[in-house]
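Please look through the model shown below with the following report at hand. The report takes up confidence, a pocket, a pair of packed helices and some backbone details in turn.

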Amino acid sequence: MQYLKKDDYRNYFRDVFGISEDILKKYHFYETSSSVWAYTGDAAPLSEAEVVGVRALRVRNITKPTTSFLRIIGKYATKNVVFIDDEQGSSFLSGESLIGVCQSLKGYVVVRTASDVLGCGLCRNGILISQVPKKYRPDITWL
Amino acid sequence: MFEKYRHIIPDFESFLKAVETPQPYWFRVNTIKIGEKELVSRLSDKGFVLERFRDLNAYKIVSMPVKHPGATLEHSFGYYYVQDISSMVPALVLDPKPGELVLDMAAAPGSKTTLMAALMKNEGSIVANDTRASRLRALGSNVERLGVTNVMITKGDARTMDFKHLYDKILLDAPCSGEGVIRKNPKHGIPGDKEHRYFSQLQKSLIKNAWKHLDTGSKLVYSTCTFNPIENEDVVQYAVSKLGMEILQVEFPVPHVRGVSFWEGRDYSDISDYVMRIYPHLLNTGGMFIAVLEKR
């Protein structure tokens, strides 16, 4: 796989989520055909590598941040952040949409509770639509 | 199944008793994402009773309010990794530092890779390799969940693959007959001599390729989760006598015994005092063999 180094993607996280350069400078961003990977390693990616760091963005048709990368850097976000309580958090993680929590926001947001970054959400027409992948959705028996 | 090991495993009756009882769960806190104190406090609030082992980031779950230790939000957030303490030892003994270039030749499902990344504070680089797509998926999923960003994952036959660098440190947690994980997986078949010999050949090919990728003076940790000396001392002796590697003394504060000196007519006394064997009855864990070698 070809990994094209494109550190300009730092600008996306700076502009959309207000994350400081100081946090972003340790990540190098590598683009493949449909994804952008965030990598803190020193050695350049091997062409044989199937994964480099953590997938940060999907870029096929639209640019969409991943829950896994927002769970790493989302705590530093100062813009486009939606705070919800623990009960709303459970619903959000289960894939439910929430009404009335992102009136003034539009587009992709970092969704968090007081203690944890839950992942990526999409604010559309005042509704928060969960973008958390199914693999991260909790089972009813979980604590 | 284990009768053939009666003369090499100390306190054999306790060993037999241990392997017939279920193995307790252990975990380590993923310090890339959360502090030990905070996670322990959160799990304790949820009803987990935990026991820390000495000053290590290794916690035994004494009791828990869920069926499986991974059935929590904290686990899904990547705040901890369920891993037997015996399985942590190879990575802790290798002791990778931030900034180093490390190769994990048989990495899936990623328990040791992600531990090494935490020790390296996500700095430096780890090349984590495995062969099968299904195992790579598990590795990728754990790397992602734990927020490990200094790893690149490759798929290849580690016996012959060109890993493109000389590495500061290599972990070869080799594929093996798995006798040491029988408590976790009681349905595990009984390995016969043919199987031990097959794995031994495979392990020697792997250690040879590891040796090719080490810089002079660099360190290799060789580990398996099995007991048979053919897969352990025999492979280490091969690395010393045929590849010219130097064996170093392993010291680590987890209960263990030294290696086997004689087995089926073979003499391993030149290396047996250097290696480490963790048996299930010593700390109520799985089994593990660990050796440290250096390239001259």
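## Confidence of the model

In this predicted model, chain A has an average pLDDT of 94, and 100% of its residues score at least 70. Among the elements of chain A, the lowest mean pLDDT, 91, belongs to strand β1(A), residues 4–5, while the highest, 98, belongs to β6(A).

For chain B the mean pLDDT is 96, and here too 100% of the residues reach 70 or more. The model as a whole has an ipTM of 0.95 and a pTM of 0.95. Where pLDDT is low, predicted coordinates should not be read in detail.

## The second largest pocket

The second largest pocket has a volume of about 520 Å³. It is lined by 26 residues, and those closest to its centre are Trp37(A), Arg55(A), Arg58(A) and Lys135(A), together with Glu144(B). Two or more lining residues are given by each of β4 (49–52), β5 (54–58), β6 (64–65) and α3 (67–73) of chain A, and likewise by each of α6 (133–145) and β7 (151–155) of chain B.

The largest share of this lining comes from α6(B), which gives 7 residues. Divided by class, the lining of the second largest pocket holds 11 nonpolar, 7 polar and 8 charged residues.

## Two packed helices in chain B

Two packed helices are described by the angle between their axes and by the distance between those axes. Helix α7(B), residues 193–212, packs against helix α8(B), residues 233–241, at an angle of about 35 degrees, and their axes are 10 Å apart. The crossing of α7(B) and α8(B) is right-handed.

On the side of α7(B), the contact is made by Ser200(B), Gln203(B), Lys204(B), Ile207(B) and Lys208(B), whereas α8(B) brings Asp234(B), Val235(B), Tyr238(B) and Ala239(B). Sorted by class, the contact between α7(B) and α8(B) consists of 4 nonpolar, 2 polar and 3 charged residues.

## Backbone details

Most residues other than glycine have a negative phi, and most peptide bonds are trans. Against that background, which form does the peptide bond from Ala108(B) to Pro109(B) take? The bond is cis, with omega near 5 degrees, and Pro109(B) lies in the loop between β5 (101–104) and α5 (111–119) of chain B.

In chain A, Asn125(A) is a residue other than glycine with a positive phi, near 50 degrees. Asn125(A) is placed in the loop that runs between β10 (117–124) and β11 (127–130) of chain A.

How values were computed:
Residues are numbered from 1 along each chain as its sequence is written. Chains are lettered from A and ligands numbered from 1 in the order in which they are written. This is a predicted model: local features need pLDDT of at least 70, side-chain atom pairs count only at pLDDT 80 or more; totals for chains, interfaces and linings use all residues. Side-chain values use heavy atoms; hydrogens and water are left out. On a 1 Å grid over the protein atoms alone, a cavity is a set of points where a 1.4 Å probe fits but cannot get out, and a pocket is an open set with protein on both sides within 12 Å along at least five of seven lines; lining residues have an atom within 4 Å of a point. Grid points are joined across faces, edges and corners, and a volume is the space filled by probe spheres set on the points. Helices (H or I, at least four residues) and strands (E, at least two) are DSSP runs, numbered from the N terminus. Ala, Val, Leu, Ile, Met, Phe, Trp, Tyr, Cys and Pro count as nonpolar, Asp, Glu, Lys and Arg as charged, and the others, Gly among them, as polar. pLDDT is the predictor's confidence in each residue, from 0 to 100. Axes are lines fitted to C-alpha atoms, for helices over the stretch in contact, and angles run from 0 to 180 degrees between N-to-C directions. A crossing is left-handed if the near helix is turned anticlockwise from the far one by less than a right angle, and right-handed if clockwise. Contact means heavy atoms within 4.5 Å.
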